[in-house]
Amino acid sequence: MAEQFEEEEQIHDIVPVSGMYESWFLDYASYVILERAVPAIEDGFKPVQRRIMHSLKEVDDGRFNKVANVIGHTMQYHPHGDASIGDAIVNLGQKDLLIETQGNWGDVRTGDSAAAPRYIEARLSKFALEVVFNPKTTDWQLSYDGRKKEPVTLPVKFPLLLAQGVEGIAVGLSTKILPHNFCELINASIDHLTGKSVEVYPDFGTAGFIDITDYQGGKRGGRVKVRAKVEIIDKKQIAIREIPFGTTTNSLIDSIIKANDKGKIKIKKIIDNTAKDVEILVQLAAGQSPEVTLDALYAFTDCEVSVAPNACVIVGEKPQFLTVDELLKISTDQTVDLLEQELKIREGELLEKILFSSLEKIFIENRIYRDIEECETWEAVLEAIDKGLEPFKAQFYREIVEEDLIRLTEIKIKRISKYDSFQADEQLKRLNDELAQVRHDLVHLIEFAIAYFTALLEKFGKGRERKTQIQTFDTIAARRVAATNQKLYINRKDGFVGYGLKKDEFISECSDLDDIIVFRKDGVCKVSKIVEKNFMGKNILHASVFKKNDERMVYHLIYLDGASGRTMVKRFQVLAITRDKEYMLTKGTKGSKVLYFSANPNGESELVHVVLSPLAKARKKAFDFDFGTLEIKGRGAGGNILTKYPIKKIDFKSKGKSTLGGTAIWYDQTVGKFNKEERGTFLGEFQTDEFILVIYKNGEYVLSTFELTHRFDDDQIYLIEKFDPEKPISVIYKEGKSGMYFVKRFLIETTTAGKPFSFVSDTKGTKLIYVTTVAAPLVEIKHKDKDKKMTVTALALADFIDIKGWKSQGNRLGIDQISKVTFLSNLKEQEEEEESFDSGDQIELDVDKGQLGLF
């Protein structure tokens with residue numbers, strides 16, 4: 001019966017599997033979050049990283065240690081395998097902050113892995129030894145097996161978590177904190193201590209560019225875009241010099257090859273020349289624009305990637321989501337707290353040293369040691385010493401205890417015999433001076449912390465300047481830069497359009513990202529995705545690639561309204577449309593049909609000849625109609641009445657000029673591109689045959705079209721404006737070989753767009769000093785005279801030299817060592833103003849003859 005009772009009791013103790021799963025899963029999730037994947041806010045380390053650092057400190061003797069040995073030592077504290085420890089130590093070493101490395105530690109740029117742990121070595125860096133360790137301010141705990149003590153967290157006196165960055169995936173959450181710049185973090189900590197607002201942004205060892213517009217302080221929901229540094233070498237080749245964070249040269253090349261295989265870009269070859277510096281050469285296929293290909297690399301490859309930060313850290317044994325600014329402030333405040341602890345510990349140590357030095361001085365100088373010669377017991381010895389110290393106890397900061405008396409008895413006779421009172425006084429003075437400084441630092445703790453951070457910056461900041469350039473990226477329309485990898489065909493009779501109808505009528509080249517717009521004889525307009533074969537409806541009048549929000553494309557339509565019998569005419573645009581929806585361009589009445597249709601890419605007007613039916617009662621049976629007389633409206637407009645009589649035919653007569661005016665173009669210096677969205681400097685309104693003049697600091701000019709895909713390096717541009725062939729270019733430059741300064745004025749005679757032309761000497765050392773397109777510029781030149789003194793000369797460039805050819809050398813300027821040229825005024829405008837009010841005043845300028853005419 002007893003055995004049966006025990007079996008029944010065991011049955012009642014059974015826990016359902018669902019309960020076990022709930023309990024065990026929560027335990028497991030908590031363990032992974034707290035002990036493996038997410039860093040602690042106090043030191044910025046995950047447990048495995050902290051144990052590695054502790055082990056490196058324990059084995060540190062100034063020399064390099066085999067990583068295999070460090071891994072073995074760390075396994076005393078870390079309850080997991082050697083592989084996780086090895087990966088973590090390599091990761092720390094590649095960040096080049098806490099660990100000095102020796103051997104092949106791999107390359108984060110190429111993705112090459114490190115050599116085996118037995119072949120590579122490591123030791124703590126000087127920076128780590130200074131900011132990470134202090135056993136006096138460290139809280140300790142037993143290791144997993146109870147044999148060793150390990151730190152709960154390390155007393156890091158620096159925002160290490162933000163400097164290194166971290167990434168981890170736990171159960172139910174993840175963390176991704178991007179690395180930030182060493183020097184900027186220190187400066188931000190100083191700003192926080194001085195009460196200023198702080199903002200820090202990511203900085204990556206792979207360099208490149210970053211757009212922090214949507215960073216949102218690194219919290220959840222934020223996002224940054226990072227780009228490779230891509231340079232156009234010539235019309236046939238592009239070079240990638242720096243790669244985005246989170247990519248490697250191998251993964252980047254793979255993404256380019258995939259984009260090429262999908263037809264997004266067209267390249268001929270990729271060459272990886274990466275060694276000390278990254279260099280990936282992309283050779284373009286014939287006929288490909290390097291500017292468009294550059295944008296396509298950003299749009300379709302890993303040359304641009306988006307990174308979503310997620311700043312999750314352990315705070316009080318719970319995960320919390322914070323911003324990087326909050327992390328910085330918490331880290332800085334903790335550093336101040338640790339510095340205060342260290343100062344207080346040092347204060348106590350100094351007080352103890354002063355106390356014992358004073359006791360020793362009294363003990364020896366007052367010969368208290370002689371009072372114990374006749375003592376027969378240990379208690380009597382201590383009592384005699386205590387009695388001898390009695391007159392001096394009031395000067396000590398604490399009560400004298402038995403341990404102090406015992407220490408005095410341990411002083412050797414040799415030390416007593418060689419005791420130097422003067423040296424003892426000097427030592428006490430040094431200790432008191434140091435104590436006074438420590439107490440001063442405690443009172444002025446913030447100033448002490450600022451000095452600490454400043455010293456870190458001076459000592460370790462060299463060579464840690466920002467590598468990743470902060471920019472605002474332009475939005476690249478994928479359709480605009482996608483390579484034309486397909487050809488579009490149409491079967492008008494059957495109503496099919498697509499790139500698979502290769503036996504039918506060719507329309508144009510296209511990309512598989514494009515849309516197609518179709519207009520039919522029944523007055524229907526429809527937009528659909530370009531596919532291999534798509535039915536768009538029978539009796540197609542016109543089909544082309546659709547460009548959304550293209551304000552330059554204007555359509556002309558003449559149609560018969562079936563209800564009234566009138567012929568209507570309209571001029572309209574199709575800016576936006578719902579894909580695969582049919583839109584009626586007529587009034588939609590029964591019997592309505594299209595009589596004439598045309599598409600005009602630049603808003604050109606048209607003149608058509610209308611012939612009425614011979615049975616029409618109208619006196620005039622034929623007339624011309626100019627579409628330019630109509631306003632441009634939306635696709636839903638009914639239109640104007642062209643005639644109430646039946647029409648026999650309509651013939652195209654001539655094409656007119658654009659009625660839209662020029663295209664307004666702006667130049668955005670931030671991204672070095674043209675735009676129509678009013679960003680940056682307004683360059684003007686442009687007709688299709690007009691150019692933009694770009695003058696570079698190296699003495700070259702380029703006539704550029706206003707194509708929005710063009711990209712410029714704004715740092716190399718001296719001047720950019722709408723090109724006027726009647727405007728002379730006035731130039732001051734220094735010739736490299738002779739070192740002389742020249743002035744030249746010329747008109748641009750070339751007409752080739754996109755080709756650079758040098759208008760200064762091509763000798764080495766030639767330098768462009770000043771350029772202007774003002775008609776008659778008066779400039780002020782600061783330079784040194786014959787006596788090497790700084791002086792100022794006014795110079796009217798139009799009077800100094802006439803307009804000559806753009807290849808001419810110009811006239812020599814009798815001035816040496818020009819430091820600055822400043823524009824004063826346009827003398828042509830001044831002359832026009834003087835003529836307008838008949839003034840008798842004259843302008844007199846004190847300059848050398850030949851350098852300035854009389855105006």
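Here are legends for several close-up views of this predicted model. Residues are numbered from 1 along each chain as its sequence is written, and side-chain values use heavy atoms, without hydrogens or water. Local features need pLDDT of at least 70 and side-chain atom pairs count only at pLDDT 80 or more, while totals for chains, interfaces and linings use all residues.

View 1. Helix H4 covers residues 67-74, and its buried residues are Val67, Val70, Ile71, His73 and Thr74. Helices (H or I, at least four residues) and strands (E, at least two) are DSSP runs, numbered from the N terminus.

View 2. Ile85, Gly86, Ala88, Ile89, Val90, Leu92 and Gly93 of H5 are buried. The buried residues of H5 pack against H3, H4, strand S2 (99-102) and helix H7 (160-164). After H5 comes Asp96, with a positive phi near 55 degrees.

**View 3. H4 and H5 meet in a right-handed crossing.** Their axes come within 10 Å and cross at roughly 125 degrees, which makes H4 oblique to H5. Axes are lines fitted to C-alpha atoms, for helices over the stretch in contact, and angles run from 0 to 180 degrees between N-to-C directions. Angles under 35 degrees count as roughly parallel, over 145 as roughly antiparallel, 65 to 115 as roughly perpendicular and the rest as oblique. A crossing is right-handed if the near helix is turned clockwise from the far one by less than a right angle, and left-handed if anticlockwise. On the H4 side look for Val67, Val70, Ile71 and Thr74, which meet Asp82, Ile85, Gly86 and Ile89 in H5. Contact means heavy atoms within 4.5 Å.

**View 4. Helices H8 and H16 are roughly antiparallel to each other.** H8 (residues 182-193) and H16 (residues 445-460) pack at about 165 degrees, with their axes 10 Å apart. The crossing is left-handed. Among the residues that make the contact are Phe182, Ile186 and Leu193 of H8, and Ile450, Phe453 and Phe460 of H16.

**View 5. Asn549 has a positive phi without being a glycine.** Its phi is near 60 degrees. Asn549 sits in the loop between strand S24 (540-546) and strand S25 (554-560), and at 49% relative accessibility it counts as partly exposed.

**View 6. Phe686 is buried in the model.** Phe686 belongs to strand S36 and has a relative accessible area of 1%. Not counting residues up to four places away in sequence, Phe686 touches Gly662, Thr663, Ile665, Phe691, Ile692, Phe706 and Lys722.

Notes. Buried means under 20% relative accessible area, exposed over 50%, partly exposed in between (1.4 Å probe, protein chains only).
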